[in-house]
Amino acid sequence: MNEFLQLYKRLLSAQGQLNWWPATEPFEVAVGAILTQNTSWTGVEAAIANLKAADLMTPAKIADLPIEELARYIRPSGYFNIKAKRLKSLIKFIIGDLDGDVTNLANMPLHHGRKALLAVNGVGPETADSILLYCANLPIFVIDAYTRRLVGRLEIADPTLPYDELRILFESNLPYMPEIFNEFHAQIVIHCKNSCKKQPLCANCPILDMCAYGTRQGVKQ
DNA sequence: TCCCAGGTGTCTC
DNA sequence: GAGACACATGGG
């Protein structure tokens with residue numbers, strides 16, 4: 001078994017099946033993908049709650065909202081002015097190219113949908129891949145700061161690799177299934193939030209023996 | 001009070 | 001093409 005698959009199985013065993021993205025509807029996932037850029041999820045939750053409380057969580061309603069007003073709703077997520085512009089760009093794409101339904105990405109070839117998403121202002125590779133995987137259930141692995149941090153700790157890959165090189169490394173070492181990519185990314189995020197911040201690692205870390213840092217630097221009791 | 005967090009676009013060289 | 005920088009709030 002390769003180290004990627006081993007890591008996945010160990011995290012899954014330790015944390016259980018997560019069936020995760022911290023949002024319910026596909027459109028909400030897409031909004032969250034923009035709002036979470038370089039921001040912790042707690043602020044994003046507050047911003048999404050503001051939009052839902054105002055009954056604005058639809059493409060058409062946000063499209064009709066003045067950008068200054070949208071920025072006020074999403075203020076807790078940080079970078080609210082730039083993210084308001086990016087949300088508007090994404091929603092213009094969803095309405096214009098996807099008939100208002102982000103899940104229609106699943107009806108086009110993956111490379112075509114990804115290219116179209118990357119052409120949207122404010123959508124980079126991580127945001128595009130989050131939308132493709134979590135909204136459209138397409139087989140693409142999401143590389144984020146947590147993923148880079150973890151592969152660096154475990155020394156199973158160079159965390160400074162370009163985005164697509166690291167993504168392809170994960171995809172080629174796992175069963176090519178969106179369900180696996182989805183669950184593995186979720187496992188990484190939850191693990192890093194809960195224990196991966198600790199340096200040195202805590203003694204009850206479920207992947208301690210895989211971690212070169214832990215074996216070299218000692219373990220925090 | 002300071003540091004950090006699930007990126008991306010723009011500008012400069 | 002690579003690196004520096006701006007964008008901003010909230011929690012620890």
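This dialogue goes through several features of a predicted model, one at a time.

Student: How many residues of domain 1 are in contact with domain 2?

Tutor: There are 13 on the domain 1 side, and they are in contact with nine residues of domain 2.

Student: Which residues touch the most other members of the largest nonpolar core?

Tutor: The core has 73 residues, and Leu105 and Phe170 touch the most other members. Domain 1 (3-18 + 142-217) and domain 2 (26-134) both give residues to this core, so the core lies between them.

Student: What does Phe170 touch?

Tutor: Residues up to four places away in sequence are not counted. With those set aside, Phe170 touches Phe4, Phe141, Ile143, Thr147, Val151, Phe184 and Ile188.

Student: How does one look for empty space in a structure?

Tutor: A probe the size of a water molecule is rolled over the atoms, and this shows where empty space is left. In this model, the largest pocket has a volume of about 660 Å³.

Student: Which residues lie nearest the centre of the largest pocket?

Tutor: Thr36, Thr39, Glu126, Asp144 and Tyr146 do, out of 23 lining residues. By type, the lining divides into eight nonpolar, nine polar and six charged residues.

Student: Is Arg114 buried or exposed?

Tutor: Arg114, placed in helix 7 (residues 110-118), has a relative accessible area of 10% and is therefore buried. Leaving aside neighbours within four places in sequence, Arg114 is in contact with Pro125, Asp129, Leu132, Ile140, Tyr163, Asp164 and Arg167. Asp129 and Leu132 are also among the buried residues of helix 8.

Student: How far apart in space are Arg114 and Tyr134?

Tutor: The C-alpha to C-alpha distance is 13 Å, and the two residues are 20 apart in sequence.

Student: Where is Met57 found?

Tutor: Met57 is in the loop between helix 3 and helix 4 (59-64). A loop position does not settle the matter of exposure here, because Met57 is buried, with a relative accessible area of 17%. Apart from neighbours within four places in sequence, Met57 is in contact with Phe27, Glu28, Val31, Ile48, Leu51 and Lys52. Met57 and Glu28 are 29 residues apart in sequence, with 6.9 Å between their C-alpha atoms.

Student: Which loop holds Asp55, and is Asp55 buried or exposed?

Tutor: Asp55 also sits in the loop between helix 3 and helix 4. At 52% relative accessibility, Asp55 counts as exposed. The backbone angle phi of Asp55 is near 55°, a positive value in a residue other than glycine.

Student: What is phi for Asn19?

Tutor: Asn19 has a positive phi of about 45°, although Asn19 is not a glycine. Asn19 lies in the loop between helix 1 (3-15) and helix 2 (26-35), and is exposed, with a relative accessible area of 64%.

Student: What of a residue that is neither buried nor exposed?

Tutor: Take Gln6, in helix 1. Gln6 is partly exposed, with a relative accessible area of 29%. Not counting residues up to four places away in sequence, Gln6 touches Met1 and Met210.

Student: How far is Gln6 from Pro178?

Tutor: Gln6 and Pro178 are 172 residues apart along the chain, and their C-alpha atoms are separated by 18 Å.

Note on methods: Residues are numbered from 1 along each chain as its sequence is written. Chains are lettered from A and ligands numbered from 1 in the order in which they are written. This is a predicted model: local features need pLDDT of at least 70, side-chain atom pairs count only at pLDDT 80 or more; totals for chains, interfaces and linings use all residues. Side-chain values use heavy atoms; hydrogens and water are left out. A nonpolar core is a set of buried Ala, Val, Leu, Ile, Met, Phe, Trp, Tyr and Cys residues joined through side-chain atoms within 4.5 Å. Buried means under 20% relative accessible area, exposed over 50%, partly exposed in between (1.4 Å probe, protein chains only). Domain bounds come from an automatic or database domain assignment. Contact means heavy atoms within 4.5 Å. On a 1 Å grid over the protein atoms alone, a cavity is a set of points where a 1.4 Å probe fits but cannot get out, and a pocket is an open set with protein on both sides within 12 Å along at least five of seven lines; lining residues have an atom within 4 Å of a point. Grid points are joined across faces, edges and corners, and a volume is the space filled by probe spheres set on the points. Ala, Val, Leu, Ile, Met, Phe, Trp, Tyr, Cys and Pro count as nonpolar, Asp, Glu, Lys and Arg as charged, and the others, Gly among them, as polar. Helices (H or I, at least four residues) and strands (E, at least two) are DSSP runs, numbered from the N terminus.
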